[in-house]
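Subject: Structure for your files

Hello,

Here is the structure I said I would send. My notes on it follow below.

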Amino acid sequence: MTDDAPDVLGAGWTARTLPLRPDGGSPDPVATLVHRTGSPSRRALLYVHGFVDYFFHAALGDALAAHGYDVYALDLRDYGRSIRDGRPPNHVTDLGAFAEELDAAIRLLRADHDEVVLLGHSMGGLVTSLWADSRRGEGLIDALVLNSPWLDLRGSWFERTVFTSVLDVVGKVAPNLVVSGIDPYYGRALHQSTGGEWSYDLAWKPFDGFPARAGFARTVRRGHARVARGLDIDVPVLVLASDASGPDDAWHDALVTTDSVLDVAHIKERAPLLGPDVTFVEIPGGAHDLALSPAPARDTYVGEVLAFLDARLP
């Protein structure tokens, strides 16, 4: 584990590299723990990003810190700050591998804080849900917040059934086979260079994404199947999503005021399957990443998160 170093977000942010066990790739994987300094608190919140994503949400960090949270974020192996030459970015064949860096980060936070909240976005919402279910009874977190979690596959009946069955075979025997990509429209709607509000590193979050490979698709669909069977997360869970979905394969005026990545009906349908204590909240006019929605939707999102935590935690 390295010491904290200045982070790409600038003054007030640090980053620490977390070495991970060898996984057959070269070089060995790492994760990165980002920290907003200057706001010591006994309450901590750890943010986990989605697919083709990393943590650049300084404004969200500022809002959470102003409410009394010590804010951290985790760039998972092969994402964002943790991308290394020689390793395919944003690729994993087992979502369970992320448990290593989640365990390491949460235990670091738990050592210095009385209360730990885990917040996952999109793929990070799926990863953190599966992790929280597998760690129930251990007292590692006090609440789970999910921002537009990827709990099911958006797509046609064929993609959700027949293609999923084929992927389960192909993903095992040819895990590196490229099976899909992402459309650039949502990213272009977000980024300042193409008319959006937000600045982020296009090497780490490119408009066209990174190739989705068969092994990754297989483990995601297996994660979806676990959610469909029902989880038993033993802390309060807050699930938030936009109030509407928009097309994901074309430019349209509502790219950042609807979820133009996932189907919000799937999120709402599967949220109750996460555990016995789940609250679902719709954010009118919310983007896929609710924290990147235009105002006032992003302020509504942050307000709902903080109100939930104030009500449910000591």
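Gly-80 is buried, with a relative accessible area of 1%. Bear in mind that this is a predicted model. Gly-80 belongs to the loop between strand S5 (70-75) and H2. Setting aside neighbours within four places in sequence, its contacts are Asp-53, Tyr-54, Asp-75 and Trp-204. Val-220 is 140 residues from Gly-80 in sequence, and the C-alpha atoms of the two are 19 Å apart in space.

**Aromatic pairs and charges over rings**

Across the whole structure a search finds eight aromatic pairs. One of them is Phe-56 with Tyr-200, a tilted pair at 4.9 Å centre to centre with 35° between the planes. Phe-56 lies in the loop between S4 and helix H1 (58-66) and Tyr-200 in the loop between helix H6 (185-190) and strand S9 (212-213), so this pair ties together parts 144 residues apart in sequence. Phe-56 and Tyr-200 are both buried.

Trp-150 and Phe-216 form another aromatic pair, also tilted, with 6.3 Å between centres and 40° between planes. Trp-150 comes from the loop between S7 and helix H4 (157-160), while Phe-216 is in helix H7, so parts that are 66 residues apart in sequence are tied together by the pair. Trp-150 and Phe-216 are buried as well.

Two charged side chains sit over rings. The charged end of Lys-205 is over the ring of Tyr-200, 5.6 Å from its centre. Arg-43 lies over the face of Tyr-69, at 4.2 Å from the ring centre.

**Largest pocket**

The largest pocket holds about 1000 Å³ of space. It is lined by 39 residues, and those closest to its centre are Phe-51, Trp-150, Gly-181, Ile-182 and Val-261. Helix H5 (162-173), strand S8 (178-180), H6 and H7 each give two or more residues to the lining.

**Helix H3**

Helix H3 (residues 123-134) has 12 residues and reaches 17 Å from first C-alpha to last, close to the 16 Å expected at 1.5 Å a residue. How much of H3 is covered? Mostly: 11 of its 12 residues are buried. Among them are Met-123, Leu-126, Val-127, Leu-130, Trp-131 and Asp-133. The buried residues pack against strand S4 (43-48), helix H2 (99-112), strand S6 (115-121), strand S7 (143-147) and helix H7 (214-229).

**Backbone points to check**

Most residues other than glycine have a negative phi, and most peptide bonds are trans. The following residues depart from that.

- Val-52, in the loop between S4 and H1, has a positive phi near 50°. Val-52 is buried, with a relative accessible area of 3%.
- Asn-90, in the loop between S5 and H2, has a positive phi near 60°. Its relative accessible area is 1%, so Asn-90 counts as buried.
- The peptide bond from Ser-26 to Pro-27 is cis, with omega near 0°. Pro-27 is in the loop between strand S2 (13-19) and strand S3 (30-36).
- Ala-295 and Pro-296 are also joined by a cis peptide bond, with omega about 10°. Pro-296 is in the loop between strand S11 (278-283) and helix H9 (297-312).

Regards

Terms used:
Residues are numbered from 1 along each chain as its sequence is written. This is a predicted model: local features need pLDDT of at least 70, side-chain atom pairs count only at pLDDT 80 or more; totals for chains, interfaces and linings use all residues. Side-chain values use heavy atoms; hydrogens and water are left out. Helices (H or I, at least four residues) and strands (E, at least two) are DSSP runs, numbered from the N terminus. The expected span of a helix is 1.5 Å times one less than its number of residues. Buried means under 20% relative accessible area, exposed over 50%, partly exposed in between (1.4 Å probe, protein chains only). Contact means heavy atoms within 4.5 Å. Rings of Phe, Tyr and Trp (its six-membered ring) pair if their centres lie within 6.5 Å; planes under 30 degrees apart count as stacked, over 60 as edge-to-face and the rest as tilted. A charge sits over a ring if NZ of Lys or CZ of Arg is within 6 Å of the ring centre and within 35 degrees of the ring normal. On a 1 Å grid over the protein atoms alone, a cavity is a set of points where a 1.4 Å probe fits but cannot get out, and a pocket is an open set with protein on both sides within 12 Å along at least five of seven lines; lining residues have an atom within 4 Å of a point. Grid points are joined across faces, edges and corners, and a volume is the space filled by probe spheres set on the points.
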